[in-house]
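Biologist: I'd like to learn how to read a model like this one. Could you walk me through it?

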Amino acid sequence: MIIVTGGSSGLGKAVTEDLRQKGENVVTISRGNNSEYKNHFSCDVTNYQSLKEVYLHLSTNGHKIRALVNCAGIASMNLALTTPPLITERVIRTNLIGTIYTNQIFAPLLIKNKGGRIINFSTIAVHLGLKGESVYVASKAGVEGFSRVFAKELAPFNVTVNCIAPGPIKTNLLKGISDAQIRNIVNNQIISQIMQPSAITEMVALLLRDESRNITGEVINVGGI
Amino acid sequence: MITTQELIQIIKDMTEDDIDLVPDSSLVGGGSIIDSMGLVQICLALEERSQSDGFSFDWTSEKAMSSLNSIFKNPETLAQEYNRQLLAIHK
């Protein structure tokens, strides 16, 4: 089984559907009540206790989890000086703390399964230091730092931890970003084009393969930087 | 309930080497004969056992973390924490 957080929309939904098409048994976790999915848990990744309940359910029912894909995330594009504290807190809580919680809580399931993969999501904006994305970039830079250290802590258990850092992908997260801003970001990529969600689902599939067992602690910038 | 001797046996069963473990042997810190990987495995083993005892051993609770040293200090303190959680759930 593979756990996907944020699996009801955007990249998470694309990842979930791609994995299902490949015949994987996927457990989705998202805030929405997504009854279209068989193994869905309605849960906010910032709620530690709710996540723990999902863990206990999966653990006590003997589910074998081989991967965790953390797609849950929110974006907010503002100058740092004009970002309200509530937005700052929401972005950090969801993107950084939510990722830390899910990693902490579900990693033992991978350890019990004698190994597995954790894939967290960053953004190409971390490397590019994009103006107007300071809080978002701060949250994702935290995810990268956490992932690198967690990779070391989980290496003895045959669990790899990596980050995928996409550039602009055609999802709702791009709402509020002008075409000029998107072009600016894309122009900084080696492959200067707006990626489709399939570019990410392919990267996830690649990291899940057995041949990727020695790739860990890495940040993979999709499109290249 | 778990006795300290049972806990010591669980730890011994997990480690490949024949380690000399007594109730007050350090489980964390410089003098510990268990590494961080071993500590995680002990926690998972206790969680597995706790499920058969009708609860889930929580080694990450605020209470557990605030007294991290005492819980993981040695097999005796760890067994005490396990039994404390067990009794709390069956109150």
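Predicted model: local features only at pLDDT ≥ 70, side-chain atom pairs only at ≥ 80, totals over all residues.

Biologist: In what order do the seven strands of the chain A sheet run?

Modeller: Strands are DSSP runs of E, at least two residues, and helices are runs of H or I, at least four, numbered from the N terminus; two strands pair if DSSP finds at least two bridges between them. Here the order is β3-β2-β1-β4-β5-β6-β7, an open sheet with parallel pairing. At the edges sit β3 (40-42) and β7 (219-221) of chain A, each pairing on one side only. Inside chain A, β1 (residues 2-5) and β4 (residues 67-70) share four bridges, and Thr5(A) faces Asn70(A) in β4(A).

Biologist: How many residues does each chain give to the contact?

Modeller: Contact means C-beta atoms, placed from the backbone, within 7 Å. Chain A gives six residues and chain B five. On the chain A side, α3(A) supplies the largest share, three residues.

Biologist: Which residues of helix α1 of chain B are buried?

Modeller: Buried means 20 or more other C-beta atoms within 10 Å of the residue's own, exposed 12 or fewer, partly exposed in between. Leu7(B), Ile8(B) and Ile11(B) are the buried ones. They pack against α2 (36-52) and α5 (75-89) of chain B, whereas the face turned away carries exposed Gln5(B) and Asp13(B).

Note on methods: Residues numbered from 1 in each chain as written. Chains lettered and ligands numbered in written order. Contact = placed C-beta atoms within 7 Å.
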